[in-house]
There are 2 protein chains.
Amino acid sequence: MARQSETTRRVPLSRDRVLRAGVTLADEVGIESLSMRRLAQRLGVVPMALYKHVANKEELLDGMVDVVVGEVDPPVHGSNWKSAVRQRILSARETLLRHRWAYRVIESRSSPTPVVLAYMDSMIGMFRAGGFSVDLTHHVMHALGSRMLGFTRELFDDSPSPGSAPAAVPPEVAERYPHIAEMAMSRDHDRASTVGAGCDDRFEFEFALDLLLDGFDRLHRQGWTSSGH
Amino acid sequence: MARQSETTRRVPLSRDRVLRAGVTLADEVGIESLSMRRLAQRLGVVPMALYKHVANKEELLDGMVDVVVGEVDPPVHGSNWKSAVRQRILSARETLLRHRWAYRVIESRSSPTPVVLAYMDSMIGMFRAGGFSVDLTHHVMHALGSRMLGFTRELFDDSPSPGSAPAAVPPEVAERYPHIAEMAMSRDHDRASTVGAGCDDRFEFEFALDLLLDGFDRLHRQGWTSSGH
DNA sequence: AAGGTAGGCGTACGCCGTACACTCGTCAAG
DNA sequence: CTTGACGAGTGTACGGCGTACGCCTACCTT
């Protein structure tokens, strides 16, 4: 026992420990700074030690995605499909917001991991339970795309640096992009009372999500089929 | 002149030549194999020569995106907003299909380039010309997201390797992901006549696009405002 | 006590992006 | 014709990356 405290018996690595350390390291320093070497250093271990638990970096990233997706709440039962789907997707969104690097990794993966497959499977199940045909469900899943995991690619990150002034649009850009300028100025005006200028990301996400869900609903009610063009 | 043919007077590099070479090299070998060294080699030049024309690799990628986005057809005039937007987005989709690496690069960029800004500006203009309020246009643009550039992130690439058999779902995965299996089998059955099994990507894209456009239309007609919750 | 096994180690290779200092051809000014 | 500045292309070098391969050693089984 004296010996134990001297040699400081080290907790052995495990695949799970590696993946979790990867997640928290990515949370802290960003995914682009996550390297095998750095992760190993964080674990007090030599880089090659990791390779006894993950085949390569790709597999590490896959595993990290699984950890994150595993954090999403399971589907609720006993409510109608629309609110169930909505609630689950918003839960996924919360999860992805806790790990802001995750959506990039998910996007970069070429084939889904088992955990992601299970997630999709249960989401399909929600539509089927709501009475959607297999056909319609299929197209609906495509239409949701990455939104089913709680994120969408925003082409422009229009939230100004936090705490900054409403970021008056410089006249030369206002001239070159008149419509963008109009929109930016209008928003600044509207939300003058809101805490932070810029967009309410959550509002935008729900706006688009509800637009889609309502569209699904309509198609479902009118018995849409792909053959009925 | 004899001297010229001997020394094989070399075409001088230029920013434009570098960017275009980057685009075609990425088309050929994929974006992940595009390195400054490899691009330089392709141009018959030493790697560091590139840095006289682009500041760094980031700027090279930005420039390549600009080249691609510049290939998208300009908006058509004289038709209603919906078909104009639709047509333009499908044109963007064609362009992005010619350069399959481009969407990944666009996704990875943190702030839009001037060319992308101009694209978005003209797209906003199409909604405004169609009578959309600034407010609604704003949310609509968010809802479109990357779809306005003609791509969406597909979580699952369900097109089986080309030419392969309908890829019977192995029983153990059918058991684990029953809904996915159901969907896969149903599609195989439906499209037995179609050339390639799997999804018609274009159909899926248009399905979702039209769902959104119809939703926009409805909100516009009923005078939607964000304050009127 | 013997031997196998698996987890961690050390070294090394070939890539990458790019900083920095150079050469050398071109061209304008004297 | 000389000169000198300038800018495009060069060469070298550095630090970082992922990871192949072989080794060492602590432990478990027999």
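This is a predicted model: local features need pLDDT of at least 70, side-chain atom pairs count only at pLDDT 80 or more; totals for chains, interfaces and linings use all residues.
The contact between the chains takes 42 residues from chain A and 42 residues from chain B. On the chain A side of this contact, helix 7 (114-129), helix 8, helix 10 (178-190) and helix 11 (201-221) each supply at least two of the residues that touch chain B. Sorted by class, the residues on the side of chain A that touches chain B are 18 nonpolar, 13 polar and 11 charged.

**Chain A as a whole**

- Chain A contains 11 helices and zero strands, and its pattern, when read along the sequence, is α-α-α-α-α-α-α-α-α-α-α.
- The mean pLDDT of chain A is 88, with 85% of its residues reaching 70 or more.
- Residues 1-9 of chain A, however, have a pLDDT below 50, and this stretch makes one contact in the model beyond near neighbours in sequence.
- Of the 229 residues in chain A, 33% are buried.
- When contacts in chain A between residues at least 6 apart in sequence are considered, 68% of them join residues at least 24 apart.

**Helix 2 and helix 4 of chain A**

- Helix 2 (residues 15-29) of chain A packs with helix 4 (residues 57-69) of chain A at an angle of about 80°, and their axes are 9 Å apart.
- Because of this angle, helix 2 of chain A is described as roughly perpendicular to helix 4 of chain A.
- Helix 2 of chain A brings L19(A), R20(A), G22(A), V23(A) and A26(A) to the contact, while helix 4 of chain A brings L60(A), G63(A), M64(A), V67(A) and V68(A).
- By class, the residues in this contact of helix 2 of chain A with helix 4 of chain A are seven nonpolar, two polar and one charged.

**Helix 8 of chain A and residue L136(A)**

- Helix 8 (residues 134-144) of chain A is mostly covered, since nine of its 11 residues are buried.
- The buried residues in helix 8 of chain A are L136(A), T137(A), H138(A), H139(A), V140(A), M141(A), H142(A), A143(A) and L144(A).
- L136(A), which is found in helix 8 of chain A, counts as buried because it has 20 C-beta neighbours inside 10 Å.
- Leaving aside neighbours within four places in sequence, L136(A) is in contact with L219(A), H220(A) and W224(A).
- L136(A) and T225(A) are 89 residues apart in sequence, yet their C-alpha atoms are 6.6 Å apart in space.
- Just after helix 8 of chain A comes G145(A), which takes a positive phi of about 55°.

**Surroundings of the DNA strands**

- DNA strand C is surrounded by 15 residues, of which the closest are L13(A), V46(A), M48(A), S35(B) and N56(B).
- Helix 3 (residues 36-42) of chain B provides the largest share of the surface near DNA strand C, namely three residues.
- The surface near DNA strand C is made up, by class, of nine nonpolar, two polar and four charged residues.
- DNA strand D is likewise surrounded by 15 residues, and the closest of them are S35(A), N56(A), L13(B), V46(B) and M48(B).
- For the surface near DNA strand D, helix 3 (residues 36-42) of chain A gives the most, with three residues.
- By class, nine nonpolar, two polar and four charged residues form the surface near DNA strand D.

Conventions:
Residues are numbered from 1 along each chain as its sequence is written. Chains are lettered from A and ligands numbered from 1 in the order in which they are written. A residue is buried if 20 or more other C-beta atoms lie within 10 Å of its own, exposed if 12 or fewer, and partly exposed in between; C-beta atoms are placed from the backbone. Helices (H or I, at least four residues) and strands (E, at least two) are DSSP runs, numbered from the N terminus. A residue is near a molecule or strand if its C-beta atom, placed from the backbone, lies within 6 Å of it. Ala, Val, Leu, Ile, Met, Phe, Trp, Tyr, Cys and Pro count as nonpolar, Asp, Glu, Lys and Arg as charged, and the others, Gly among them, as polar. Axes are lines fitted to C-alpha atoms, for helices over the stretch in contact, and angles run from 0 to 180 degrees between N-to-C directions. Angles under 35 degrees count as roughly parallel, over 145 as roughly antiparallel, 65 to 115 as roughly perpendicular and the rest as oblique. Two residues are in contact if their C-beta atoms, placed from the backbone, lie within 7 Å. pLDDT is the predictor's confidence in each residue, from 0 to 100.
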